[in-house]
Every structure is written in C-alpha cells, then in structure tokens.
Amino acid sequence: MPKRALLPSGDNEAMTPGPSSDSIDKLSDSTDFLPKVPLLAIDRQNGPLREQFRQVMDDVCDSGRFVLGPDVTALENELSTILNVPHVIGCASGSDSLLLALMALHIEPGDEVILPSYTFFATASAVTRLGGTPIFADIDPSTFLIDSDDVARRITSRTRAIIPVHLFGQTVDMDALLPIANGAGIPIIEDAAQSILSTWHGRCSGGLGDMGCFSFYPTKNLGGFGDGGFLTTTRDDLADALRKLRVHGMEPRYYHDVVGINSRLDSLQAAVLRIKLPHLDQWTTKRAHNAIRYTEMVNHCELEDVITTPRIDTRGRHVWNQYVIRVADGKRDALREHLMATGVGTEIYYPVPLHLQKCFANFGWKLNDLPVTEQAAKETLALPIFAELEPAEQATVVGRIAEFFGRPPVPKQIAGMEKGSDAVSQPRQVRRTGLIGRADDVRC
Ligand SMILES: Cc1ncc(COP(=O)(O)O)c(C=O)c1O
C-alpha cells in the first residue's frame, strides 16, 4: 500500500492555526491510503442477501404475477406501518410519483407550483409535463433546503402546490413551511425521494404534507433492482385518485372517467424491496455514524476553514442519502479532480440549478435570480456515505482532502483502524454529539 505523500514542509508551516501538540503526536501514527474508495458499492449490501433475493424471484416467477400483485400490496402495507402513514401507493418511479401527485391535484396549464431549483430534474419536469409553471425558490445556505421565507414571497393567486424536497436525506424545516402553506390553503407535495425514514419531530417524511413522493432507484437508501417508487398520503380522497391514476384512470376494468398513466410497480421489485426493508433502519443508522465520523476526521485534519461539513437540524432525523460538503474559494472542481485521480469517488449534486437549465429557458429565469442556489451549485461535493463504508475508507477520503489542502492526515485512532478501536462506532457517542437527530423517536 503506498505511503502518504508528505507535503512540502513550507505548506505545513503556512497553516494557521498550526496543529496542536496533541495532533502532532497523532501525525506520527497516521493512516495509509487505500487505493480506491467508491462513491457507492451496492454489491456490499446486496451480496449477503443474494440467496434471499433468488428465492423470492423464484417465487414471483412461479406465481406468474409480475405487475402489482400480492408482493406490491404487502410492500405497501409494510411501508404504511413503518412510515406510520395510512396510504401507500406503489408506482413505477420516483419521477412518476411526482407526476401522479400533481395529476391528483389537477395541475393544468397556467397553474404555478413552488419548488427549489436545487434538486433533481424530476421535481420540476413533473410540473412542466402537465403544462404547469415551476416557480423556483431559493435555499437555506447551511442546509441546502428550500427557504420558507422565499416560498412565502413567491405565492400568488395561481399557486396550486408547494414541493419541498428533503434533499440529501434531511427533512425540510416543516415548522416554518407548514403554517405558510396552510395559511394560504396550498397543498404540500413532499419530494421524499432521497429521504425515506427521515423524520420531523419524530414523524416520518411523506406524512407531513398532503402527499409524499419516494424513489426506489438503486442509489436510494432503499433501492431496488431497477426503477420503482411510491406515494404516501394521509388523505383518503387523494389515495383513491392516485390508485386510479397509476392504472390509466381505470376503474372498474376498461372503464375510464379520468385519463391516468401506466405507472405500476413490478412484483419482482416489490419482492426484492421486501427483503431489504427490515434492514433499512440499521443501514440508515450506519450512514449517520459515517457522517459523524467524517465530521470528526475533518476536524482532526483542521479542514474546517476550507470545507464546510453538513449542518444538521436536530428537530429531524437526517438519513444521509448523501454527505455533501461545501468547498470554498473556487476549489471544488480541483479538489474533485484530485480525488478522482487518487481513486476516491465523488459526485456533484447538482452542477446546473434547474432555473438555468436550457429546457426551462422559456420561463425567463436568469443568472443571479437565485444566488444561494447558484453558489451551492458551484461549491458542493458529495463524498461516499453508504452504510457499508469502512472507517479506513473514510480516512482515505478525508486524508486525500487533507493532502489536497496541505493539512495534517487522519490519525489512526480517529480512523478506527487500530485493533479493537471502537472510537466512533458507539451509539452512546452518537447521542452525545446529537448529530444523528431524533433517531430514537421514530418507530421506523
Ligand atoms: C429529489 C429527487 N426527486 C425525484 C427523483 C426521481 O426519482 P426516480 O429516479 O425514481 O424517478 C429523484 C431521483 O433521483 C430525486 O433525487
């Protein structure tokens, strides 16, 4: 294994403040680098469950039921219990779940829907596919989540829905948003594609607004073997509409009084997801431990002035679909290149905000319209955070970042690489730091 390249001494001397005597002691015991750290290694999660997957796939094959069917119904019921929401409706993707939610609200040309620009494309394209107008709101610079004050400013007589996105796995500040939406009588569609099991005051995302939209895309915390998604709602009327809309608006068979779409969840996906679901809470907790470990490592490497670690709102449980840092001074892309060159996988979510995408040019947005969003698009970088990530891999990620900035490496004690070290894996420590949020509140 290659030894860490030592930095020119001049670079180290230039650091302010200099390393404490304690960290100098630890430098002598620093970690080696691993040759490669992937952004995501799904095989590590799927490998141990492979036999169970094979069994349920055989069962589906034998049953001859491939679309919706008993596995989908069972998965919907299990999710309903876990998320504590009365209605769960499976569909073909997270993107379709957003489209179906807007269809259930009868969004049509001329209607406005407020949403963040700093999100995945599907949040906005669902609106435009129905002829609606996306009204982009700016975000909070510390959480990257929609800024409720900006939402309030953008409400007009044409506003028909608000879509907060629980981005990267963190729940939007619903204490701020709900009174604004309720006061104006505007329904909330939560885009919870990245936030399954996230909570707000102990209640799961998806049950906080009128409808919740989720994705089973393989990179999500609960990912299937392809596309899939589901909707949640507390409202009986919307649940009935959504069940109909996902099957061409058909009820009973071959009778249509509304035009829906074909968006059904496959039995094979549901069967696979039912194997994974019982592990989800534990996987989520591991992600949270990884997040804490990163923050500790960043602090030990004295990187706080050059990168900003995620800010966590302790009123909710963050489920860490992504661990996204902010890199100051225009160095994000160079850092990413350094990490790529040294075998560390990263991603930029998202390099072009939606209000500046070519396909939305007709809506007339321009540069500087959403300054906080535009700054985030230039500065953010997602690091590997998946549940099976090893402490030694995290030490390599942070060590490579430290190397780039000429900062001290990660001490072995912090990397948890020493024999018998459990420095960062104890739940006790998690609670003390408060970083995990209110994980204990939640039944899921
Ligand atoms: C915030 C957000 N919304 C919607 C989606 C769409 O989900 P899907 O890929 O399942 O269509 C995603 C998935 O990437 C997402 O991250």
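All views below show a predicted model.

**View 1. The end of helix α13 and the glycine after it.** Helix α13 spans residues 332–341. Gly343 follows α13 and has a positive phi, near 90°.

**View 2. Buried and exposed sides of helix α13.** The buried residues of α13 are Arg332, Leu335 and Leu339. These residues lie on the same side of α13, because the arc they cover around the axis is only 65°. Exposed residues sit on the other side of α13: Ala334, Glu337, Met340 and Ala341. The buried residues of α13 are covered by elements that include strands β12 (323–327) and β13 (380–383), together with helices α14 and α15 (391–405).

**View 3. The loop between helices α13 and α14.** Helix α14 covers residues 371–379, and the loop that runs to it from α13 contains Tyr350. The peptide bond between Tyr349 and Tyr350 is cis, with omega about 5°. Asn368 also belongs to the loop between α13 and α14. Asn368 is a residue other than glycine with a positive phi, near 80°. Within 10 Å of Asn368 there are 7 other C-beta atoms, so Asn368 is exposed, the cut-off being 12 or fewer.

**View 4. Packing of helix α4 on helix α11.** Helix α4 consists of residues 50–63 and helix α11 of residues 267–276. Their axes come within 9 Å of each other and cross at roughly 150°. The crossing of α4 with α11 is right-handed. On the α4 side the contact is made by Gln52, Phe53, Val56, Met57, Asp59 and Val60, and on the α11 side by Ser267, Leu268, Ala271, Val272 and Ile275. Sorted by class, this contact of α4 with α11 holds 8 nonpolar residues, 2 polar residues and 1 charged residue.

**View 5. Packing of helix α5 on helix α11.** Helix α5, residues 70–83, packs against α11 at an angle of about 40°, and the two axes are 8 Å apart. The two helices, α5 and α11, are therefore oblique to each other. The crossing of α5 with α11 is left-handed. From α5, the residues Asp71, Val72, Ala74, Leu75 and Glu78 meet Ser267, Ala270, Ala271, Leu273 and Arg274 of α11. The contact of α5 with α11 comprises 6 nonpolar residues, 1 polar residue and 3 charged residues. Ser267 and Ala271 of α11 take part here and also in the contact with α4.

View 6. Asn84 lies in the loop between α5 and strand β1 (87–91). The phi of Asn84 is positive, near 55°, in a residue other than glycine. Asn84 counts as partly exposed because it has 17 C-beta neighbours inside 10 Å, whereas a buried residue would need 20 or more and an exposed one 12 or fewer.

View 7. Pro252 is part of the loop between α10 (236–245) and α11. The peptide bond leading from Glu251 to Pro252 is cis, and its omega is near -10°.

How values were computed
Residues numbered from 1 in each chain as written. Predicted model: local features only at pLDDT ≥ 70, side-chain atom pairs only at ≥ 80, totals over all residues. Axes fitted to C-alpha atoms, helices over the stretch in contact; angles between N-to-C directions. Helix = DSSP H or I, 4+ residues; strand = E, 2+ residues; numbered from the N terminus. Left-handed = near helix turned anticlockwise from the far one by under 90°. Contact = placed C-beta atoms within 7 Å. Nonpolar A, V, L, I, M, F, W, Y, C, P; charged D, E, K, R; others polar. Parallel < 35°, antiparallel > 145°, perpendicular 65-115°, else oblique. Arc of directions from axis to C-beta.
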